Amino acid sequence: MVALAVAAALFAALILGLGALTGARAREAMGELGSAARSLYDTAALTGNTCRLVMILPRDDSGDFTYRAECASGPVTSAMDRDQEIRDATKAAVEAYRKRSRGRDAPPDPLSDPRIPASGTRSSSTLLDVLDSERARVDRAATYSAFTTSEIQPRKLSGVRVSVWTAHQKAKIDSGLAYLYFFPQGYTERAQVTVRQGRNVWTLLVSPITGRTSIVDGEPEVPRT
């Protein structure tokens with residue numbers, strides 16, 4: 001029994017050593033990330049909702065690399081887009097409110113005192129109610145929730161180090177949270193995801209227009225523009 005236990009330990013160590021030598025886990029990570037990127041690209045284009053790949057990068061070799069997919073319930077893609085959509089929705093709501101008010105008898109100006117209903121009669125819907133409703137609608141569309149399919153499941157991989165660069169970053173991220181966004185208009189961010197295992201280094205390149213992925217040896221330089 002002792003001899004069998006020693007033999008099993010030696011065999012496990014041999015397998016781990018061969019895996020590190022060939023970069024088996026790094027290759028596995030490359031394949032899974034490429035498949036997830038292509039699937040999320042298609043999902044965003046078909047559903048009209050923005051999706052993103054969330055990657056949690058360990059700070060050292062002892063941590064696990066994990067990733068998951070998330071999708072929003074609308075096409076709002078960033079904080080800047082969210083703020084612009086809120087402004088557009090507010091403008092449209094004010095104009096619609098004024099049009100409805102013109103058909104009533106001498107309504108008060110809702111902008112001067114939005115707490116006053118737009119008619120002489122009591123109403124439960126004021127301009128503030130409308131604006132709050134529009135803001136809530138935009139916020140709901142900008143909220144991401146977990147997205148899973150048979151091709152995309154939350155995953156945890158050990159023994160690899162990952163760094164991520166996307167077009168909205170100034171430099172690569174090698175620890176913490178990294179995001180790769182897929183937009184409903186049929187494009188994504190230009191991205192480079194580098195995976196290391198021992199001396200093995202590969203980089204997943206993501207095309208922004210087609211969403212296609214390719215794998216190259218080594219770690220290309222981050223584009224300056």
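**Note on salt bridges and the nonpolar core**

1. Glu-28 counts as partly exposed, at 35% relative accessibility. The classes used here are buried for under 20% relative accessible area, exposed for over 50%, and partly exposed in between, with a 1.4 Å probe and protein chains only.

2. The model is predicted: local features need pLDDT of at least 70, side-chain atom pairs count only at pLDDT 80 or more, and totals for chains, interfaces and linings use all residues. Residues are numbered from 1 along each chain as its sequence is written, and side-chain values use heavy atoms, with hydrogens and water left out.

3. A salt bridge is taken as a side-chain nitrogen of Lys or Arg within 4 Å of a carboxyl oxygen of Asp or Glu. Six salt bridges are counted by this rule. One of them joins the side chains of Glu-28 and Arg-155, at 3.0 Å from N to O. Glu-28 belongs to helix α2 and Arg-155 to strand β4 (residues 155-157), so the pair ties together parts that are 127 residues apart in sequence. Helices (H or I, at least four residues) and strands (E, at least two) are DSSP runs, numbered from the N terminus. Arg-155 is partly exposed, at 28% relative accessibility. A network of salt bridges links Glu-28, Glu-32 and Arg-155.

4. Arg-196 and Glu-219 form a salt bridge whose closest N and O atoms are 2.3 Å apart. Arg-196 lies in strand β8 and Glu-219 in the segment after β10 (213-217), so this pair ties together parts 23 residues apart in sequence. Both residues are partly exposed: Arg-196 has a relative accessibility of 27%, and Glu-219 has a relative accessible area of 39%.

5. Arg-68 and Glu-70 also form a salt bridge, with 3.1 Å between the closest N and O atoms. Glu-70 is buried, its relative accessible area being 10%, whereas Arg-68 is partly exposed at 30%.

6. A nonpolar core is a set of buried Ala, Val, Leu, Ile, Met, Phe, Trp, Tyr and Cys residues joined through side-chain atoms within 4.5 Å. The largest one has 31 residues, and the members touching the most others are Leu-33, Leu-53, Met-55 and Phe-65. At least two residues each come from α2 (24-47), β1 (51-57), β2 (65-72), β5 (161-166), β6 (176-183), β8 (191-197) and β9 (200-206). The most, nine residues, come from α2.

7. Leaving out residues up to four places away in sequence, Phe-65 touches Leu-33, Met-55, Ile-56, Leu-57, Pro-58, Arg-155, Lys-156, Leu-157, Val-160 and Val-162. Contact here means heavy atoms within 4.5 Å.
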